[in-house]
Amino acid sequence: MGKVYEGLNDRLRSFISAQPVYFVATAPESGGHVNVSPKGYADTFAVLDDTTVAYLDLDGSGVETIGHIRDNGRITIMFCAFAGPPKILRLYGTGRVVTPQDEDFDRLLKLFGPHPGVRTIIVVTCDRVADSCGFAVPFMHYDQDRTLLDDGRAAGAGRARRLQRAQNPRMSIDGLPALAGNETDPVHLHS
């Protein structure tokens, strides 16, 4: 049986920190496509307080989450246990996009591990924190994070692609504006 929580207590925070992957879901205000993105790297997610979380948005193939958040703010983050007792935890809320040009970007960036190609930080104010059983979620063994995204950004791969993005606004697949030209060049941080 699922339960709704007032906020993220210590037990839920511990559950979140033990998950090697989480999923982010957003959708445009009307019509369009629902987007669900898997996220990895444990050091890209932070609990800021009982009802606020944030994650690093690394440079990738699309800008759906950013476009949808700027359209209507709605976002759901889901964690599920692939090991140990079954559990699914969903954080429903309103997101905001923090770009390197924003005043609080540097302060927030310190909460995460170093990654090349940081595009934005997504901050979510949760209005509902709820879990459910997860009885049908399979057991899966976690080996390690894939390093391909970080390795490619650290080696300078995609520089021409980033420069091209800087000259053109980035749009979601449904044509929603996401990143302006001055927001498209990722911050390069090295360990």
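# Reading contacts, cores and strands in a predicted model

Student: Which residues does Phe79 touch, if those up to four places away in sequence are not counted?

Tutor: Contact means that heavy atoms lie within 4.5 Å. With residues up to four places away in sequence left out, Phe79 touches Phe15, Ile16, Gln19, Val21, Tyr22, Phe45, Lys87, Ile88, Leu89 and Leu91. Before we go on, please keep in mind that this is a predicted model, in which local features need pLDDT of at least 70 and side-chain atom pairs count only at pLDDT 80 or more, while totals for chains, interfaces and linings use all residues. Residues are numbered from 1 along each chain as its sequence is written, and side-chain values use heavy atoms, with hydrogens and water left out.

Student: How many residues does the largest nonpolar core have, and which of them have the most contacts inside it?

Tutor: In soluble globular proteins, nonpolar side chains tend to be buried together. A nonpolar core is a set of buried Ala, Val, Leu, Ile, Met, Phe, Trp, Tyr and Cys residues joined through side-chain atoms within 4.5 Å, and buried means under 20% relative accessible area, found with a 1.4 Å probe on protein chains only. Here the largest core has 26 residues, and Phe45, Ile77, Phe79, Leu89 and Leu91 have the most contacts inside it. Two or more residues come from each of helix H1 (10-18), strand E2 (22-26), E5, H2, strand E6 (74-80), E7, E8 and strand E10 (177-179), with the largest share, four residues, given by E8. Another core lies apart from this one and has 13 residues, including Phe112, Val118, Ile121 and Val123.

Student: Why is strand E8 said to be largely enclosed by the rest of the structure?

Tutor: Helices (H or I, at least four residues) and strands (E, at least two) are DSSP runs, numbered from the N terminus. E8 is called largely enclosed because 13 of its 17 residues are buried.

Student: Which strands pair with E8, and in which sense?

Tutor: Two strands pair if DSSP finds at least two bridges between them. Strand E1 (residues 3-5) runs antiparallel to E8 over three bridges, and Lys3 stands opposite Asp131. Strand E5 (residues 52-58) is also antiparallel to E8, joined to it by seven bridges, with Thr52 and Thr125 as bridge partners. Between strand E7 (residues 88-98) and E8, again antiparallel, there are eleven bridges, and in this pairing Gly93 stands opposite Cys126.

Student: Is Ala130 buried or exposed?

Tutor: Ala130, which is found in E8 (residues 116-132), has 8% relative accessibility and therefore counts as buried. Leaving out residues up to four places away in sequence, Ala130 touches Lys3, Val4 and Tyr5, and also Ile88, Leu89, Arg90 and Tyr92. A separation in sequence can be set beside one in space: Ala130 and Gly2 are 128 residues apart in sequence, and from C-alpha to C-alpha they are 6.9 Å apart.

Student: How many residues of helix H2 are buried, and which are they?

Tutor: An α-helix has 3.6 residues a turn, so residues three or four places apart point the same way. H2 (residues 64-72) is mostly covered, with seven of its nine residues buried, namely Glu64, Thr65, Ile66, Gly67, His68, Ile69 and Asn72. Just after this helix, Gly73 takes a positive phi of about 85°.

Methods. Buried means under 20% relative accessible area, exposed over 50%, partly exposed in between (1.4 Å probe, protein chains only).
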